[in-house]
Amino acid sequence: MTIPKIAIFTDDAGWHGKQLQQEFKKLGYDSVFTSLTECRFDLENQKVPIFIPEFENELPVAAFVRGVAGGSLEEVILYLDFLHALKILGIPVYNDACAIERSVDKAMTSFLLHHAGIKTPETWVLRDREIALKFAKNELLNGNFVISKPLFGSQGEGIRRIEKMTDLPWITATHGVYYLQRFIKSAGDGFSDYRVFVINGEVVATMRRRGKSWLNNVAKGASCERVNPSVEMMNLAIQATNLLQMAYAGVDILEDQNGHLNVIEINSVPAWKGLESVCDVSIAELLARDVIFKISNS
Ligand SMILES: Nc1ncnc2c1ncn2[C@@H]1O[C@H](COP(=O)(O)OP(=O)(O)O)[C@@H](O)[C@H]1O
Ligand SMILES: [Mg+2]
């Protein structure tokens, strides 16, 4: 009997990929690292319609997305097309293309959070530089700092804080788009936010991240602390994950100085190395179990 094979889409397997592979193995599944950049649609009779390297005229039993490569708009759309198509073919895709599209795009995430009435910082997304400067200036005049982010950013890359009128010229568009957001001062001393990891509608681990500055990304040197989340924080993370219809997510939550929780971001391809270093759970094991659960229910 052949062992069922899972595709782990990534361009760099790394620690996370290897962890997943080990856990799948323990559960009786083979998994291979493969890249969306090398997939193709082969739309001929008698062939599976998607060619995936390492899969000879067959499809994986599930696809785990650990990374979607960048590229031209056409290239990225093609990579997402493969994920959409796999789902249409009945293959569990974890997280699926819709979830990835909604969460990678910070404008859409902000809109959906706002629309659902989930507290998130005031945000403006637009193309016109003069109007962007006007919004930012207005915020400064009202005593707020402004954050400028790339629409598709991650790990704190390219984020800037505008603190005074003379900073205004530093506001930059990324690929023509300005994403501006009110800066929220975090509760307590220094800077911190929370990363809440949700799998299949349940919070499985939470940490507080303390940034060296206001940027609390682990990739930017933030330290990780174990915390027990409040019921309110857990419910908020679950609500945000459900809103973006994600199988699992890493939710960034910032508690402001009034004790209110703000959802900053919902990551569909979150890392868990930092989180696991302060928690007792094996995230890879929980993820692998959930993928297998989805295979058996598909
Ligand atoms: N509006 C904000 N107010 C205060 N801090 C923020 C705000 N937006 C982001 N940050 C800080 O910057 C970090 C990175 O922002 P985020 O939107 O999560 O982008 P990335 O995708 O790069 O992680 C957050 O974890 C938070 O610490
Ligand atoms: Mg983030």
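Guide: This is a predicted model.

Visitor: At roughly what angle do the axes of α2 and α3 cross?
Guide: Helix α2 covers residues 73–88 and helix α3 covers residues 97–104. By class, their contact has four nonpolar, one polar and two charged residues. The two axes come within 8 Å and cross at roughly 145°.

Visitor: Which strands stand at the edges of the open sheet of four strands?
Guide: The strand order is β7-β10-β8-β9, with antiparallel pairing. An edge strand has a single partner, so one side of it is left without a neighbour in the sheet. That applies to β7 (123–126) and β9 (160–162).

Visitor: Which residue in β10 is the bridge partner of valine 146?
Guide: Strand β8 (residues 146–148) pairs with strand β10 (residues 178–182) in the antiparallel sense, over three bridges. Valine 146 has as its bridge partner in β10 arginine 182.

Visitor: Which helix packs on the sheet?
Guide: The helix in question spans residues 129–141 and touches β7, β8, β9 and β10. Its direction makes about 10° with that of β10. The helix is α5.

Visitor: Which helix gives the largest share of the side of domain 1 that touches domain 3?
Guide: The domain assignment places domain 1 at 5–97, domain 2 at 123–182 and domain 3 at 187–287. The contact takes 10 residues from domain 1 and 11 residues from domain 3. Five residues on the domain 1 side come from one helix, residues 14–26, and this is α1.

Visitor: What distance separates the centres of domain 1 and domain 3?
Guide: The centres are taken over C-alpha atoms. The separation is 27 Å.

Visitor: Between which domains does ligand 1 lie?
Guide: Of the 23 residues around ligand 1, the nearest are Pro121, Ser154, Ile184, Asn216 and Glu265. The elements that give two or more residues to the shell are β10, β14 (248–255) and β15 (261–267). Two domains both give residues to this shell, so ligand 1 lies between them: domain 2 (123–182) and domain 3 (187–287).

Visitor: How many residues of the shell around ligand 1 are charged?
Guide: By class, nine residues of the shell are nonpolar and eight are polar. The charged residues number six.

Terms used. Residues numbered from 1 in each chain as written. Chains lettered and ligands numbered in written order. Predicted model: local features only at pLDDT ≥ 70, side-chain atom pairs only at ≥ 80, totals over all residues. Pairing = 2+ DSSP bridges. Contact = placed C-beta atoms within 7 Å. Axes fitted to C-alpha atoms, helices over the stretch in contact; angles between N-to-C directions. Domains from an automatic or database assignment. Nonpolar A, V, L, I, M, F, W, Y, C, P; charged D, E, K, R; others polar. Near = placed C-beta within 6 Å.
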